[in-house]
Amino acid sequence: MPIENRPTVRLNNCDQGHESAISWIEYDNGQPNATDRWTLTCKIHGVIKGRASAARKADAKEAAARQALQQLGQN
């Protein structure tokens, strides 16, 4: 996927000029030394707009960003 089409890039582009309204919470659900699941939550102005889990942190972030874009009507 071209970088400009990635959900995180699109979400950041939507945030331009809004004083960094986006924040992320990341949680490692794995056990020490055996990380197997990440959950990332995307908040915009403190409101949860997306949450996703995946084995790779980057995949969870992209999925949460995709949900946030949908919430913002930016499919």
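Let's start with a salt bridge: K57 pairs with E26, and the closest N and O atoms are 2.9 Å apart. By salt bridge I mean a side-chain nitrogen of Lys or Arg within 4 Å of a carboxyl oxygen of Asp or Glu. This pair links distant parts of the chain, with K57 in helix α2 and E26 in strand β1 (residues 22-28), 31 residues apart. Helices (H or I, at least four residues) and strands (E, at least two) are DSSP runs, numbered from the N terminus.

A word on the model. It is predicted, so local features need pLDDT of at least 70 and side-chain atom pairs count only at pLDDT 80 or more, while totals for chains, interfaces and linings use all residues. Residues are numbered from 1 along each chain as its sequence is written, and side-chain values use heavy atoms, leaving out hydrogens and water.

Back to our pair. K57 is partly exposed, at 35% relative accessible area. E26 is partly exposed too, at 43%. The cut-offs: buried is under 20% relative accessible area, exposed is over 50%, and partly exposed is in between (1.4 Å probe, protein chains only).

How many salt bridges does a search of the whole structure find? Three. Another one joins the side chains of E62 and R6, at 3.2 Å, N to O. This pair also links distant parts of the chain: E62 is in helix α2 (residues 57-71), R6 is in the segment before α1 (7-15), and they are 56 residues apart. E62 counts as buried, at 15%. R6 counts as partly exposed, at 32%.

Then there is R56 with D59, where the closest N and O atoms are 3.1 Å apart. R56 is exposed, at 51%. D59 is partly exposed, at 38%.

Next, T39. Find T39 in strand β2 (residues 38-44). Is T39 buried or exposed? Buried, because its relative accessible area is 14%. Its side chain makes a polar contact with the side chain of S53, at 2.6 Å. A polar contact of 2.8 Å joins the side chains of T39 and N29. That term means a pair of N or O atoms within 3.5 Å; within protein, one must be able to donate a hydrogen and the other to accept it, and residues adjacent in sequence count only if both atoms are side-chain atoms.

Last stop, H45. H45 sits in the loop between β2 and β3 (47-54). It counts as exposed, at 59% relative accessibility. Most residues other than glycine have a negative phi. The phi of H45 is positive, near 55°.
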